[in-house]
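Open the model in your viewer and keep the selection panel at hand. The tour goes stop by stop.

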Amino acid sequence: MTVPTIRVENLGKLYQIGERDSYRTLRDTIARSFQRSPRKSEEHIWALRDVSFDVYEGEVVGCIGGNGAGKSTLLKLLSRITEPTEGSFELRGRVSSLLDIGVGFHPELTGRENIFLSGAILGMKKREITNKFNEIVKFSELERFIDTPIKHYSTGMWVRLGFAVAAHMEPEILLVDEVLSAGDAAFQKKCLGKIDEATGEGRTVLIVSHNLKAITDLCERCLWIDHGRIIRRGSTQEVVVAYLESTQPQRTSGRIEPDMHENPNADALFQQVTIVNATDQHVTKIFFGETLRIIIQFEVVRPVSELRIAAGLERHQDGITVAMVHNNDDPTSSLHNLKPGVYSLQVETKIPLSPGGYSINLEAKPGTGITRAGRNWDVVRRAIDFNVEEFTKKGEGVPSVDGVIRPSSKWMLTGKESQ
Amino acid sequence: MKVETSKRWSLPSFKEIWQYRELGYFLAWRDIRVRYKQTVLGAAWAVIQPFMTTVVFSLFFGLLAKVPSEGVPYPIFAYTALVPWSYFQNTLTQISNSMVLGRDLIGKVYFPRILIPIAALLSGLLDFGISFAVLLVLMIYYGIAPTLNVVFLPILLLFAIITSLGVGLWLATLNVMYRDVAFIAPFLVQVWLFATPIAYPSSLVPARWRIWYGINPMTGVVEGFRWAMLGTGTISLPTFAVSGIISVLLLVTGLVYFKHYERTFADRI
């Protein structure tokens, strides 16, 4: 049996409540020592407790959980920034921790100077930094600004420089906290690639992140920490799906408020829209590739000879209407001669939407003939929001795509070898 | 490497500090770069502080109060003492605030925290060098030659470093635990300035008290500087021994105290 590279045993960290925000003063302490009354028992909280796990050489393990779950405390302990209250851990090999981007950067110093400073702070030797200097600069894409004090840098440039330094560390064990969420998408991709490359070289990595996409892309195994304890561990897909299910809001209302109607005097008015999953629960997130089921409730105020209803899916990222679904696309659901009353329509559609945030816009057009646009139509914008996850229902991660939709496709190769 | 809760009091690991020495140089280099970039006066600042103090002392103590200066012109008498004193005062102030000011670094990455105070000691040497060069210029102007005892200057400087680090580590640690210590440090330095024979010679202190005067370790350093550079006074060995013992005591206790609480700094700042 091989020895684990990281071995954590019953690790625990106790914090005094408020210890992090408030501080004592000598004056208070002296004053208190003169008082006869015993000190009020102070409240404590276990930020982390009974945490045990092993990570073997070359493994990449993710750690997920909500805010304040104890993920960052775990990394701070392993990085030796703070000391455990109980338990122990063992690390075999040179450790680098990346708890923030641009640690030790000084705004007055130039990019060049900061590369050396930050590199040294992250544990690199001067010779190492000198050797990799050109590579670091190239990676950061900041060649032109390398001799400019970084106080003139934009946040993006700052992040790029910080990551460029960090990406060139060569530790045997790498501890990463949340830094992947910094920077623009393209640069993030580059950084993920760099970490992936590093693990290919047998590096052991522990990553803490909110970015579930990054976790699924990089890690085979995953820990889910909640209230300072590991509540689930196993393959990343399994843990991520369990985590997503638990964090999904139970009910969301797509109630249409009176001021949401573009034309409150329309013949038919929307009342409510909801998105439901296969078991008819209201949801605000769907898995990638999952059928989108929308229930639209509307009231017919005046009799209409025909009603056409459409739902548009608008992507938040750029406001593109990705698709419109019309009730008369389905010949069985034409709505003719509706009397006043409240009706409900259920729409099912399978659009391979790329992961991200979307809104549903609704339109109700009564009549068949050409009516003056909008006279008796109801239009409701952003009736409800929903997200498409970066995972399929089975927990498979979806590689990032640039397009709006990600249809399945079949490819065929023809031709023959020239010799 | 195995890590668990440690409760024992001990000295910092010198082996580890040595392993991290490059970071110490880098931090010192950063201090210098930043100081010289942020202030218009840059290098001049190293001289202005002791120089202006000399002017004020010369006016009020030398001219008005007619404080004796052991046969050398008062300004050079005061300035010679202010050269090591300024180094001591500046590094002490910097070290005592260093943990609180360095909180971003301390909360984000591991390294022996003592490197920050060590870097302050190193970067202060540059200012010391500049003000010392000015002292040489002043000596030429006043036509005073240094004595052969200048060979002892490095030892005297070492004592200034030891004292500054010892007291600085105490204050830096206390500062993390009790924030009002930040207000005490400048006051302490102020009082200490007058408890040290800078504006006046230690010969003003009655002979039978003089050995107790050595409890202030800066007495030995400052008097030693004058003795080596200007040839004034005599260095009393018992006084100097007391100063030395106190300095070392401050350093050792400071190191142990700092080391013991070092691991909780990230939780407190």
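In which sense do strand E3 (residues 60–64) and strand E7 (residues 204–208) of chain A pair? Select both: E3(A) and E7(A) pair in the parallel sense, over four bridges. Here strands pair if DSSP finds at least two bridges between them. Helices (H or I, at least four residues) and strands (E, at least two) are DSSP runs, numbered from the N terminus. Zoom in on A:Val61, which stands opposite A:Leu206 in E7(A).

Some ground rules. This is a predicted model: local features need pLDDT of at least 70, side-chain atom pairs count only at pLDDT 80 or more, and totals for chains, interfaces and linings use all residues. Residues are numbered from 1 along each chain as its sequence is written, while chains are lettered from A and ligands numbered from 1 in the order in which they are written.

**The sheet**

Now show the whole open sheet of chain A. Its six strands run in the order E5-E6-E7-E3-E8-E9, with mixed pairing. Strand E5 (95–98) and E9 of chain A are the edge strands, each pairing on one side only.

Next, select strand E8 (residues 221–226) and strand E9 (residues 229–235) of chain A. They pair in the antiparallel sense over six bridges. A:Asp226 has A:Arg229 in E9(A) as its bridge partner. The hairpin has two residues between the strands, and A:His227 takes a positive phi near 50 degrees.

**The domains and the core**

Colour chain A by domain: domain 1 (6–24 + 42–247) and domain 2 (258–390). These bounds come from an automatic or database domain assignment. The domain centres, taken over C-alpha atoms, are 44 Å apart.

Pick A:Ile207 and A:Phe270. Of the 172 residues in the largest nonpolar core, these two touch the most other members. Both domains of chain A give residues to this core, so it lies between them. Such a core is a set of buried Ala, Val, Leu, Ile, Met, Phe, Trp, Tyr and Cys residues joined through C-beta atoms within 7 Å. Buried means that 20 or more other C-beta atoms, placed from the backbone, lie within 10 Å of a residue's own.

**The contact with chain B**

Bring up chain B. The contact takes 38 residues from chain A and 28 residues from chain B. Two residues are in contact if their C-beta atoms, placed from the backbone, lie within 7 Å.

Last stop: E4(A) and strand E1 (residues 2–4) of chain B. They pair in the antiparallel sense over three bridges. Find A:Ser88 there, opposite B:Glu4 in E1(B).

Notes: Buried ≥ 20, exposed ≤ 12 C-beta atoms within 10 Å, placed from the backbone.
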